[in-house]
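Dear colleague,

Please find below the structure that I am handing over to you.

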Amino acid sequence: MSTAEPNIDRVIDAPSDNFVYRILPRWLWPHAQLARWDRPIGWQLLMWPCFWSSALAANALAAEGRLNLALFAFHLFLFFVGSVAMRGAGCTYNDLVDHDIDNLVARTRSRPLPSGRISRRNAKIFMVVQSLVGLAVLLCFNSFSILLGILSLAVVAIYPFAKRFTDWPQFFLGLAFSWGGLMGWAGLHGNLSLAAILVYVGAVAWTIGYDTIYAHQDREDDALVGVRSTARLFDRDTKIWLTGLYGLTLVLLLSACLVAGAAFPAIIGLLVAGGLFAWQIKVLDIDDGAQCLALFKSNNRVGAIVFLGLVAAIPFA
């Protein structure tokens with residue numbers, strides 16, 4: 001009894017030394033777990049396409065002598081806050097939709113809803129609160145960006161159901177998680193361009209790749225309960241598919257940089273990211289759940305490196 005007590009309010013796939021458990025009051029833990037504050041990788045991966053697109057837009061504006069650095073920095077802050085809020089709202093919505101399925105999968109059974117640590121009513125209230133934070137962030141942008149942000153909700157609403165009707169739920173996740181590839185450019189330019197669309201499609205391919213690695217943790221449980229995924233679809237051919245998806249990501253991001261006129265540091269960033277992609281593919285063992293989780297999380301470094309390359313390119317525009 002005494003040994004089990006420290007973990008009674010935890011989820012099994014989150015680090016136990018996270019700030020959630022060190023700083024937040026115990027009554028707030030189920031809310032934090034619903035929003036995945038104890039697993040920041042989700043909002044980080046949601047944020048990077050926003051940052052990429054905004055930095056690419058900044059390069060294009062700098063080349064024209066029209067870049068407002070303060071506005072660019074402010075937009076990065078907004079994208080950070082918005083990513084945390086909307087990722088949390090999305091995860092809460094996803095858990096509400098998947099309540100019954102999560103109870104059948106070993107990795108998700110300890111989440112707040114299936115374990116009974118929070119009621120569906122309180123989860124819905126929390127989802128609304130997070131969505132209002134996201135709305136407040138969205139209203140800080142121009143009218144074109146606001147409309148664009150609202151349109152993303154259609155894709156967000158579909159994603160939790162995708163695993164029930166297609167082997168490609170990761171594609172729908174990519175459509176939702178990559179929306180920032182459009183928003184960053186729209187925020188600074190007030191329109192869309194070919195460069196922004198290339199970033200968006202490249203981020204979709206990236207998302208399918210890294211979330212396939214993530215989904216391999218649940219491959220066997222998913223098969224038992226009838227949940228579909230690219231991990232089950234690709235199976236032993238996953239490395240071949242990853243080569244194509246990550247390769248497509250690099251080609252599209254490189255094309256976006258060339259179209260927007262980003263200088264050589266952006267290309268260097270992509271080359272380093274390509275090296276990290278190659279490493280992921282080389283070492284991947286789809287039967288090792290812990291390694292799959294670690295490789296999935298390593299994509300945060302990929303996002304950061306691409307962004308830093310784009311920022312470093314701005315003075316050369």
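Predicted model: local features only at pLDDT ≥ 70, side-chain atom pairs only at ≥ 80, totals over all residues.

**Cavity, surface patch and salt bridges**

Residues are numbered from 1 along each chain as its sequence is written, and side-chain values use heavy atoms, with hydrogens and water left out.

The structure has one cavity of 30 Å³ or more. A cavity here is a set of points, on a 1 Å grid over the protein atoms alone, where a 1.4 Å probe fits but cannot get out; lining residues have an atom within 4 Å of a point. Grid points are joined across faces, edges and corners, and the volume is the space filled by probe spheres set on the points. The lining of the largest cavity consists of W52, L56, V199, L253, C257, V306 and L310. At least two lining residues come from each of α3 (41–63), α13 (238–260) and α16 (299–313); helices are DSSP runs (H or I, at least four residues), numbered from the N terminus. In terms of class, the lining holds seven nonpolar residues, no polar and no charged ones. Nonpolar covers Ala, Val, Leu, Ile, Met, Phe, Trp, Tyr, Cys and Pro, charged covers Asp, Glu, Lys and Arg, and the others, Gly among them, are polar.

F77 belongs to helix α4 (residues 69–97) and is partly exposed, at a relative accessible area of 48%. The classes are buried (under 20% relative accessible area), exposed (over 50%) and partly exposed (in between), with a 1.4 Å probe and protein chains only.

The count of salt bridges comes to 10, where a salt bridge is a side-chain nitrogen of Lys or Arg within 4 Å of a carboxyl oxygen of Asp or Glu. One of them pairs R111 with D95, whose closest N and O atoms are 3.6 Å apart. R111 lies in the loop between α5 (99–102) and α6 (120–138) and D95 in helix α4, so this pair ties together parts that are 16 residues apart in sequence. Both R111 and D95 are buried.

R228 and D167 form another salt bridge, at 3.0 Å from N to O. This pair links distant parts of the chain, 61 residues apart: R228 is in the loop between α11 (219–225) and α12 (230–234), and D167 in the loop between α7 (143–165) and α8 (169–177). R228 is partly exposed at 29% relative accessible area, and D167 is partly exposed at 28%.

D235 and R219 also meet in a salt bridge, at 3.7 Å from N to O. Because D235 sits in the loop between α12 and α13 and R219 in helix α11, the pair ties together parts 16 residues apart in sequence. D235 is partly exposed at 29% relative accessibility, whereas R219 is buried at 12%. Salt bridges with shared partners join R219, D235, R236 and D287 into one network.

Yours sincerely

Methods: 1 Å grid on protein atoms, 1.4 Å probe; cavity = no way out; pocket = protein on both sides within 12 Å on 5 of 7 lines; lining within 4 Å.
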